[in-house]
Amino acid sequence: ISTVESATVKIYCASVDNSPDADVNKWNLYKHNNTSSTLADSDFSNFNAAIVGTEATASAGVYVSFPITGDLLAYVNCQAKSQSNVAFSLRCKLDYASTAPTGVNSVSWHFSETSSDKDPQLEYTYYD
């Protein structure tokens, strides 16, 4: 791969309860610093807040698309050229906007650890 022109991460959202906080369904994808196949609890904060994609809105029962843009696309491009893993951190707007929730909210995502046919997907267009 010589250049990744565009990329999108798609993650299946099983459910959303955004009552009373509407921002619980707003999410961003960040560059994560751990590209190994095992994660520890301490990896929660091991992301780069300066390298972020475009905000997406979670909706229940569908794949949510997270466009990879700017520095996050440059990161994917660099990793693809060197045939290395990529890693992302998914954060709710309540977290990255430092807004305290006013009630109980929840969003349920499917990841590769969830045994289903709804694994996350990384789609990209590239040139050789």
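**Salt bridges.** I counted three salt bridges, taking as one a side-chain nitrogen of Lys or Arg within 4 Å of a carboxyl oxygen of Asp or Glu. I note that this is a predicted model, in which local features need pLDDT of at least 70 and side-chain atom pairs count only at pLDDT 80 or more, while totals for chains, interfaces and linings use all residues. Residues are numbered from 1 along each chain as its sequence is written, and side-chain values use heavy atoms, with hydrogens and water left out.

I looked up lysine 10 and found that it forms a salt bridge with glutamate 123, with 3.3 Å between the closest N and O atoms. Lysine 10 belongs to strand 1 and glutamate 123 to strand 8, so this pair ties together parts that are 113 residues apart in sequence; strands here are DSSP runs of E with at least two residues, helices are runs of H or I with at least four, and both are numbered from the N terminus. For accessibility I used relative accessible area with a 1.4 Å probe and protein chains only, where buried means under 20%, exposed over 50%, and partly exposed in between. Lysine 10 is partly exposed at 22%, and glutamate 123 is partly exposed at 37%.

The side chains of arginine 91 and aspartate 95 also meet in a salt bridge, at 2.9 Å from N to O. In this pair arginine 91 is buried, with a relative accessible area of 11%, whereas aspartate 95 is partly exposed at 36%. I then checked lysine 118 and aspartate 117, whose side chains form a salt bridge at 3.4 Å; lysine 118 is partly exposed at 25%, and aspartate 117 is exposed at 65%.

**A buried charge.** What is the nearest side chain of opposite charge to aspartate 21? It is lysine 93, 12 Å away, and aspartate 21 is buried yet has no salt bridge; in this count Lys and Arg are positive, Asp and Glu negative, and His and the chain ends are left out. Aspartate 21 sits in the loop between strand 1 (3–17) and strand 2 (26–32). Its side chain makes a polar contact with the side chain of asparagine 105 at 2.7 Å, a polar contact being a pair of N or O atoms within 3.5 Å, where within protein one must be able to donate a hydrogen and the other to accept it, and residues adjacent in sequence count only if both atoms are side-chain atoms.

**Tyrosine 124.** I placed tyrosine 124 in strand 8 (residues 121–127), where it is partly exposed at 38% relative accessibility. Leaving aside residues up to four places away in sequence, tyrosine 124 touches Ile1, Val4, Ser6 and Ala7, contact meaning heavy atoms within 4.5 Å. Tyrosine 124 and asparagine 77 are 47 residues apart in sequence and 9.7 Å apart from C-alpha to C-alpha.

**Backbone.** I recorded a positive phi of about 55° at glutamine 83, which is not a glycine, and likewise a positive phi of about 55° at serine 98, also not a glycine. Most residues other than glycine have a negative phi. Glutamine 83 lies in the loop between helix 1 (70–81) and strand 6 and is exposed at 76%. Serine 98 lies in the loop between helix 2 (93–96) and strand 7 (106–109), and serine 98 is exposed at 68%.
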